[in-house]
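Me: Please take me through this model in short steps. I will ask about loops first, then pairs, then packing.

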Amino acid sequence: MVYWLICLYSLVKIVLMILKRTINYLITALQINSVDNRLLSLLAGSILLACSPEPQIDQYDAFGGYTGIQREATGWFRVEKVNDRWMFITPQGHGYIALGANHTGRYLNEREQSASLYERIGDNREEAEETMYQAYVESGLNAGEAYKPLNSYLKNRLPHIAHFDYPDSKHAFDIFDDSVQAAFRQHLLPRCQSTASDSLALGIAFVDLPIWDVRRVDFYRSLPPSAPGKQQYQKFLMDQYATIEEFNEHYGTSLTSFEELLETTDWELDTKQASVQQDDNLFMGQIADELYPLLRDIVREGAPNHLFLGERYVLRMVPEPVLQTIAKYVDVFCTQALILSPQRPPEWQIFQQPGYDSTFAIVQKPIIIIDWATPFSLDETYTTDRGTVKEETQAAEDVAQWVKAALAQPYIVGVFKCQFIGTHGNDRWFPEGRMKRTLWQDDGTPFPIMTNRVSQAHREALNNVYKSVE
């Protein structure tokens, strides 16, 4: 009897697999993208979602780590190279690549976003949170959020990234000033201490989209002569140029001395000149060399078992001298997928491998893609001045290929999607109201085509990584 039950079970699995692959092929072959075919898309997606295999629980530890990759268990997340492939090692000592999604805590907190969910399930916060947790699992995600406010229910069940801001500005502070460093410690140390016992924390990261461009140096140029940062800027330029005349030649200024340079707060300067840009980048490297050891030491003191993830950078928007400095202090490099272009943003359709390769070549640290957008049209494909927004089936395939391409890189240890459910301030890029950038609908039910294809891609991409290094 047991023999025949096993045979029946195997037969059902084969039939479902064939059905699933057939539907996937038909969707791709037919290029379903019209309103008339929307019902067919939904029906096919529902069948695919129902046919999606459940993850084999015995292959994963309590933190989502793959048990086929065994290393020392330390009780905390760390990063390690396993057969030339960077990955997290879970507190229980198993290999782990993080796949998460952001802004669910914000969605649940803001009732104007989550109203349709509460209307569907009743005004029950606990049930709403459990619904979101199960939605993460069904979507093939093994991590929670990377941006505050972190939902506490998800935070207590899924690996996540702690996110803390600076006391005030992202860039307009004199890090060479001892009182500023003391303020950073006073503000950040208790926050790091608050997460020190959290074994689900992948690490600690600071401000989002830090400003590492001319605006940061302009702030230092505008400081009074008594400011430590202004004195450091003067010293930097005196090291670069032997005389004030040589400085004037490169900067197009008419200063009489370096003392006058120190006194100057209102600069008339063409900051697009190559020599000015080069100096600005080098000076930002010095700023970084003062900031990052401070942040690292605060993390090490407040949460000594947690990884230091630096800030949340913008791909290709950090000068090389700053990247070189970052590499000396962070354990993992965090970056958004954002790449500015005439059609911003294109990153949801094509994985921008050259950008990641060039960054990794400099930092030589594992990379987490902390935030990336995946908008799609709610009806037919359309084009705006921000780029083409494809219909759900085509967009889902783009997303699936993007995830697979990202995880195929041996230095990428995690990907966090910009939006799991709800809305986001950056939806203003596409104000027509014809698109979403989520895996799940606002009422807590899946977009069948998108959710199934992406959850399938998540599982396949993770499987490919784990099997390649097992």
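**Loops and backbone**

Me: Where is the place of Pro 149?

Reply: Helices (H or I, at least four residues) and strands (E, at least two) are DSSP runs, numbered from the N terminus. Helix α6 covers residues 152–155. Pro 149 has its place in the loop between α5 and α6.

Me: Which residue does a cis peptide bond join to Pro 149?

Reply: This is a predicted model, in which local features need pLDDT of at least 70 and side-chain atom pairs count only at pLDDT 80 or more, while totals for chains, interfaces and linings use all residues. Residues are numbered from 1 along each chain as its sequence is written, and side-chain values use heavy atoms, with hydrogens and water left out. Most residues other than glycine have a negative phi, and most peptide bonds are trans. Here omega is about -5 degrees, and the partner in the cis bond is Lys 148.

Me: Is Asn 83 buried or exposed?

Reply: Asn 83 is found in the loop between β2 and β3 (85–89). Its phi is positive, near 50 degrees, in a residue other than glycine. Buried means under 20% relative accessible area, exposed over 50%, and partly exposed in between (1.4 Å probe, protein chains only). At 54%, Asn 83 is exposed.

Me: What is the relative accessibility of Leu 209?

Reply: Leu 209 has a positive phi of about 50 degrees although it is not a glycine. Leu 209 is found in the loop between β7 (201–205) and α8. Leu 209 counts as partly exposed, at 31%.

**Salt bridges**

Me: How many salt bridges does the structure hold?

Reply: A salt bridge needs a side-chain nitrogen of Lys or Arg within 4 Å of a carboxyl oxygen of Asp or Glu. Arg 71, Arg 78 and Glu 80 are linked in a network of them. The structure's count is 21.

Me: How many residues apart are Arg 111 and Asp 123?

Reply: Their side chains meet in a salt bridge (2.9 Å, N to O). Arg 111 is partly exposed at 39%, whereas Asp 123 is exposed at 63%. Arg 111 lies in helix α4 (residues 111–121) and Asp 123 in the loop between α4 and α5 (125–138). The pair links distant parts of the chain, with a separation of 12 residues.

Me: Which helix holds both Glu 129 and Arg 125?

Reply: Their side chains meet in a salt bridge (3.2 Å, N to O). Glu 129 is buried at 10%, while Arg 125 is partly exposed at 31%. An α-helix has 3.6 residues a turn, so residues three or four places apart point the same way. Glu 129 and Arg 125 are 4 residues apart, about one helical turn, in helix α5.

Me: Which helix holds Glu 460, the salt-bridge partner of Lys 404?

Reply: The two side chains meet at 2.7 Å, N to O.

**Helix packing**

Me: Within what arc do the buried residues of α8 fall?

Reply: The buried residues of α8 (residues 214–221) are Arg 216, Val 217, Tyr 220 and Arg 221. They line one face of the helix, because seen down its axis they fall within an arc (taken over the directions from the helix axis to the C-beta atoms) of 145 degrees.

Me: At roughly what angle do the axes of α8 and α9 cross?

Reply: Contact (heavy atoms within 4.5 Å) is made by Val 217, Tyr 220 and Arg 221 of α8 and Gly 229, Lys 230 and Tyr 233 of α9. Axes are lines fitted to C-alpha atoms, for helices over the stretch in contact, with angles from 0 to 180 degrees between N-to-C directions. Angles under 35 degrees count as roughly parallel, over 145 as roughly antiparallel, 65 to 115 as roughly perpendicular and the rest as oblique. The axes come within 8 Å, and α8 is roughly perpendicular to α9, crossing at roughly 105 degrees.

Me: Which residue in β4 is the bridge partner of Tyr 66?

Reply: β1 is joined to strand β4 (residues 94–96) by 2 bridges, and the two run antiparallel. The partner of Tyr 66 is Gly 95.

Me: What distance separates the C-alpha atoms of Phe 416 and Asp 371?

Reply: Phe 416 lies in strand β14 (residues 412–417) and is buried, with a relative accessible area of 0%. Asp 371 is 45 residues from Phe 416 along the chain, yet the C-alpha separation is 5.2 Å.

Technical notes: Pairing = 2+ DSSP bridges.
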